[in-house]
Amino acid sequence: YYNLQDNINTSTLTGYQIYAVRDFDGSYAITVDNGADITFDIIGYTVNLGEDVTIDGKLTVLDSAETKGLLTSSKTIQNNGELVIRDMTLSAMTTNTLLQNNNSLTLQNATITSDKGTTLYLPNQEVTLSLDNNSRIIAESDQPALINDSPSTTINAGTISGKTCTVKNNSGKTFTLNAGTITGKTSVVCNYGGTFTMNNGLVSAEHDGEIKAIYTPWDYSGSELNINGGKVSVRYTGTLSYAHIAGIYTETSNDTVNVSGGEIEVAYDSTRYGTVSGIFSSSTLNITGGHIKVTSRSTSNTFGVNSGRDGHLTIDGADVIIEAHNTESSAATDGARQEYSEAHLKKGTIISTSKNGSTLGFHNDRSTVYVEDGMSISSHSETQNAYGIWHDDWNYPGTINMTGGNISATTDASDKLGIGLISRYVTVTGGTVYGSTYGINGAIDNNNTTITLGVNEPPLYNGVDEDG
């Protein structure tokens, strides 16, 4: 046959498999009717589809040749039926979306890729998407590799890669990563008012500019992020100053971030000015498990967790570990920080270290901080001051209420300070506070200071209080 559509029409009746016998351009529309079951093997040739492609039945396209060919499309492929792509590459020749999956799409050792537009779009209806471990969805432009408008999409294998917003999850939609890899540069998962859940797998970003690996922008409130397992990996190797580098970055107070497991690892391998955070969140942030580790050489601040203005931070998990380490510059290093709100530190471990800069185990920026039994905060600097919990602004003081836990601050420098707690308003009724210079220091700038130690209880008489 000289016309692929004629071949499809015949195979619909006979069930015969279709094989390409040469490179060719199909400058006509292609339709697979409902009820048809078509298999098309390009066997190493290059096939260019130049007009509309509509799949209402089942279409399997594959490349059985050892030396692979290529299938391209100049218009968006509309899959309303069942599309299986196996052992081959499908590539876009259009700035429009390459493939819209309205029903069922299966990738088996296959790659779909676009260098001009979005690679795959999932519309506002229930659809099925299946990838095996050897399959890939790639965007080589600045458009997303996958846009999710489907109510619920789950990835169990494969790789999705792009540059900016590799996966865009839209408002009210749910996107779940159970296994597989999502990679990008400036951002990997953009959660635009939806719910992103990560149970396993890898979200990875490496770039020489700004990186917000899992990102919710300020104008999309109501987003939810659930990190239950897997790994978020960020690595910055550029020379751009003022870059903001973060594993998770949310901008509105109406969002919720829940971290119950997994790893968030951020490495800033540069001495340029850049703010570095494992998590930056202006949202409700609940950390009940997992390991967050930030290693930086930045000349700006380094944070394990940075809970911004109007955010609410709770750390409550015995296996929570939050680490922030600056290995080179003199900039301050914060294990965790809360600005203009409340932080409830119940269970977990926060560690802050620096070679050449000051360290703050917890940075209390005009907030109320509660420290309970089961919380451990340690801060150590080799050459500068170290603070277990530091209060930022003496004109707008915050408060520290400690009922248990352990706080320590040490420095190796004999002319520097190691202070366990430094604040104008401190109440300690339990736990241990240690500083290599001062345990608690409240007398700063001659401001009024209130420090309360212990519990004000009535005296006991023969084992009972005065009321019997």
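**Reading the labels in this predicted model**

User: What does the side chain of S367 reach, and what makes that a polar contact?

Analyst: In this predicted model, the side chain of S367 reaches the backbone oxygen of Q338 at 3.2 Å. A polar contact needs a pair of N or O atoms within 3.5 Å, so 3.2 Å meets the distance limit.

User: Why is S367 called buried?

Analyst: The relative accessible area of S367 is 2%. Buried means under 20%, so the label applies. S367 lies in the loop between β38 (359–365) and β39 (368–371), and among the residues it touches are Y340, G398 and T399.

User: Thanks! Now the rings: how many aromatic pairs are there?

Analyst: The count comes to five aromatic pairs. In one of them, the rings of Y236 and Y268 have their centres 4.5 Å apart and their planes at 15°.

User: Why is the pair of Y236 and Y268 called stacked?

Analyst: Centres within 6.5 Å make a pair, and planes under 30 degrees apart count as stacked; with 4.5 Å and 15°, Y236 and Y268 are therefore a stacked pair. Y236 lies in strand β29 and Y268 in strand β31, so the pair ties together parts 32 residues apart in sequence. Both Y236 and Y268 are buried.

User: And what makes the pair of Y387 and W390 tilted?

Analyst: Their planes are at 55°. Stacked is under 30 degrees and edge-to-face is over 60, so 55° leaves tilted. The centres of the two rings are 4.7 Å apart.

How values were computed:
Residues numbered from 1 in each chain as written. Predicted model: local features only at pLDDT ≥ 70, side-chain atom pairs only at ≥ 80, totals over all residues. Heavy atoms only, no water. Helix = DSSP H or I, 4+ residues; strand = E, 2+ residues; numbered from the N terminus. Buried < 20%, exposed > 50% of the residue type's maximum accessible area, 1.4 Å probe, protein only. Polar contact = N/O pair within 3.5 Å; in protein donor to acceptor, adjacent residues only side chain to side chain. Contact = heavy atoms within 4.5 Å. Phe/Tyr/Trp six-rings, centres within 6.5 Å; stacked < 30°, edge-to-face > 60°. Lists of a residue's contacts leave out its neighbours within four places in sequence.
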